[in-house]
Amino acid sequence: MLANVRRRVLGHLVGGAAAAALLAALPVTAMAQKPPSTLKVVMHSDLKVIDPIWVSAQIGRTHAYLVYDTLFSLDADLKPQPQMVDSYTVSPDGLVYTFKLRDGLSWHDGAPVKAEDCIQSIKRWAERDGVGQRLMQHTQSFDVVDDRTFKLTLKNPYGFVIASLAKPGSTVPFMMPKRVADTPGTQQIKEATGSGPWIFKTDEWKPGEKVVYLRNPDYKPRAEPPSALSGGKNVYVDRVEWINITDPQTAANALMTGEIDILEQPLIEMLPLLEKDKNIEVKDLNPLGSQYSLRFNVLHKPFDNAKIRQAALYALNQKDFLLAAINDPKYFKECKALFICGTPYATDAGFEDKLESNFAKSKEILKQEGYDGTPVVLLFATDTNTGRLTPIAKSLLERGGFTVDMQAMDWQTVLSRRARKEPLNAGGWSAFMTSWVSADLLNPIVSAFVGAACEKAAIGWPCDAKIEELRDAFAKTTDPAKRKELATAVQVRESEYPTFAQLGQFNIPMAIRKNITGSLSSPAPVFWNIKKAQ
């Protein structure tokens, strides 16, 4: 309407060819206001905690990749590449790393990104993350050189500095303003101010309903082509909305009718229906896939006893979980390797006779250890694909001689509950089902559930000096053969002192409408490079 009026006015004033010339000279925004492009996505879970350092949930990590940026990121070959860092140097003795930030980086509130922000962000991340804690054990100091430059000085050579800063999954070392990163790691941050390609719309966030992100007009992408989590994060849509639809069939219907554009984790049994739709493409954007796991809490009976946790390993098996969740062998693999089948550190060592549902062996161990029937408090997330596998764990453990108290709740409640250390009769817990992106599990350093640093370990708080000694030796050596040997030794020790049960590998492809292009293969869902045809 506005464009037509403008044409009539110009035609009346100057007429014919002159009017046409003036119209051609006008910017597009003066002719007509282009409607903003909105990408609507159904994620695997609702977002209720916005602090990606305080909680390790994948939904929080994916949220953070929109809002924040990292110093380094992994490319499609899983190699660390500079992201916020423009350049860096390492001293000849391997002790001093000097990082120079890219020019023009700014926070969403307009303030420039400074070296002091990055230093404090690393320190806060290291309070909560096992990889960060190990980095800090080898760190002597951080020093600001100037606003865009800082130094990390080590006590001794440590081969995992850059790999640590490029950690792709929970918990990722995202950069935050110093005033935010000054928040203790034991407290949640109260705002989501980052420097990433999208701005979190706090005023439109409705937990249980919708999460909204707006394109950051001041974001300065790298010049390199995008590659997984690295390279240029070019944004081609104005708005991203996460729509919370908990019923899988309703979510699939919304995709088929065009109400949403992307379904992150469709049920496997719905894939044939979605694949038949000429407007939908089913893509596996994370070829390494993920791993199911059952995490133990070692603080309280019965799982304070490593032998009783071993009994659980004998009672469980992988196939029951994989068939129930995935069903199609094309999308799953039985794999006893802690560090992912098909990768350099894959081995069955220590688990050859475990995860086979040997109920007699499980009962034998429980009898030997004097198990008194203390219930296993099993947290049951009813609103996620992984959580829905919890009844299988209950059944197998019971057949192995355990008493199980399965308590139903939503995933966000599980996230809050699992952080508690209270006894079982005061709101505590024994175990819960979850899954990890395989890129987070490739070696003993990055795999959070392998860490056994007691109070500093991930939720579940395993405490084993031998595991930690082996992990430290792995981090210090650069000899590939020695690392392979040490990774195997870690896995064998994990079979003796279990911190979790690995319950098989799987892939869940995304379902995407065909007018959505540019989706990147990546260990985590990302929304840069995506274009939406109207």
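Me: Leaving aside its neighbours within four places in sequence, which residues is F99 in contact with?

Reply: Contact means that heavy atoms lie within 4.5 Å, and on that reading F99 touches F72, V85, S87, Y88, R148, T149, F150, L152, V161, I162 and L165, its neighbours within four places in sequence being left aside. The model is predicted, so local features need pLDDT of at least 70 and side-chain atom pairs count only at pLDDT 80 or more, while totals for chains, interfaces and linings use all residues. Residues are numbered from 1 along each chain as its sequence is written, and side-chain values use heavy atoms, with hydrogens and water left out.

Me: Which residues touch the most other members of the largest nonpolar core?

Reply: In soluble globular proteins, nonpolar side chains tend to be buried together. A nonpolar core is a set of buried Ala, Val, Leu, Ile, Met, Phe, Trp, Tyr and Cys residues joined through side-chain atoms within 4.5 Å; buried means under 20% relative accessible area, exposed over 50%, and partly exposed in between (1.4 Å probe, protein chains only). Here the largest core has 106 residues, of which L71, F99, Y213, W242 and F527 touch the most other members. Helix 5 (residues 115-128) gives this core its largest share, 6 residues; helices (H or I, at least four residues) and strands (E, at least two) are DSSP runs, numbered from the N terminus. A second, separate core of 39 residues includes L294, L316, V404 and I508.

Me: Is Q491 buried or exposed?

Reply: Q491, placed in helix 17 (residues 480-496), counts as buried because its relative accessibility is 0%.
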